[in-house]
Amino acid sequence: MKRIGLLCLALAVALTARAISAQQLEIRFLDVGQGDAALIRSANKTLLIDAGGSAGVVSYLRAFHIDTIDLVIASHNHADHIGGMSGVLLSAVVRFYMDNGVPHTTATYQRTIQAVQASGAQYLRPTARTITLGDAHIRILPPPPSPPSGQDQNNTSVGVLIEYGEFHALFTGDSELHELDYWLSTGAIPHVHVVKVAHHGSPNGTSAAWIEATHPQVAVISVGAGNSYGHPSAGVIAEWEGAGARVYRTDRDGSVLVLANDDGSFVVTTARADTGGVVQLRPFVQDTTAPATAQPVTSPACCRICTRGKACGNSCIHAAYQCHQPPGCACNAKP
Ligand SMILES: [Zn+2]
């Protein structure tokens, strides 16, 4: 019995060591109502992609004790993506700011640009470049050089491919088929583990070719409940699910947290999860043709011992990170 116990402990430590080494990339799809906002953190560096339509994102920054953002990317200049941006720029130090470089006519855009200038953030154009964020690489996918019209905000969304070891996640703002087809034609789109579904799940932000190219295990739709646009499309959800992706949506799940490992495995939890905050454990399956199957976390035992970092829900996280999950089955190691 004692021998079995030691064996279990050794196994748990081995699993923990693997998990800790990889759980250094956090992606939070924030519930900001109708709009987009995502916080990405790696090795104490922070990226914010979009800021939702109102000041709600500032509340999240305060809750996570974030006072410095290394890079802010506004995918495009519609109000549901930059409405909360001036509040962000006022409440946190922003080192670099990137948008799509396409001015918009609204007062929200004017207020945002003035806030960028007043903040002292260095402005970056959305050219093809790779930015280091802690242990992750942020690849910028520039908009097409000739959008359908010069003022087409959606089809000039900045694309962001996040690479953390073997793990990949893709954000494309409100890109519609014109821009998605452009990126496909350039060969810039790899298989990814997590995709933010373009344009809040609208039919013009998803195509069969896009789903086949990205082939994600998880697709996240950032959308407000009861929005007047009819987002998301039931057909779009069915298309992603039909390709094997598990679909999360912020109007029903609340904020969605992805903790990614550098071997490509990752854990997804949501704010409105039924049990213990942990919804799925989704180890990476290398380009399998079979649909990914959900594996509910069912073990009530303390199956993961955190020898480094600290317990958070059923996971081990970096000691400096804030835990916003209820107690799970992970335990801090005793000295
Ligand atoms: Zn939008």
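These notes cover the confidence, the overall make-up and two local regions of a predicted model.

1. Basis. Residues are numbered from 1 along each chain as its sequence is written. The model is predicted, and local features need pLDDT of at least 70, side-chain atom pairs count only at pLDDT 80 or more, and totals for chains, interfaces and linings use all residues.

2. Confidence. The protein chain has a mean pLDDT (the predictor's confidence in each residue, from 0 to 100) of 84, with 76% of its residues at 70 or more. Over residues 1-22 the pLDDT stays under 50, and the model has 24 contacts beyond four places in sequence for this stretch. Residues 279-303 also have pLDDT below 50, with 36 contacts in the model beyond near neighbours in sequence. A contact here means two residues whose C-beta atoms, placed from the backbone, lie within 7 Å. Where pLDDT is low, the predicted coordinates should not be read in detail.

3. Overall make-up. The protein chain holds nine helices and 20 strands; these are DSSP runs numbered from the N terminus, with helices being H or I of at least four residues and strands being E of at least two. Of its 335 residues, 50% are buried, meaning that 20 or more other C-beta atoms lie within 10 Å of the residue's own, against 12 or fewer for exposed and in between for partly exposed, with C-beta atoms placed from the backbone. Among contacts with a separation of 6 or more, 65% are between residues 24 or more positions apart.

4. Strand S14. This strand spans residues 256-260 and is largely enclosed by the rest of the structure, because five of its five residues are buried. Val256, Val258 and Ala260 lie on one side and Leu257 and Leu259 on the other, so that both faces are covered.

5. Partners of S14. Strands count as paired if DSSP finds at least two bridges between them. Strand S1 (residues 25-29) runs antiparallel to S14 and is joined to it by five bridges, with Phe29 opposite Val256. S14 is also joined by five bridges to strand S15 (residues 266-270), again antiparallel, and here Val258 stands opposite Val268. The hairpin of S14 and S15 has five residues between the strands, and Gly264 takes a positive phi near 100° in this hairpin.

6. Ala188. This residue is in the loop between helix H6 (177-186) and strand S11 (194-196). Ala188 is partly exposed because 15 other C-beta atoms lie within 10 Å. Leaving out residues up to four places away in sequence, Ala188 touches Leu141 and Trp183. Ala188 and Leu141 are 47 residues apart in sequence, but their C-alpha atoms are 7.7 Å apart in space.
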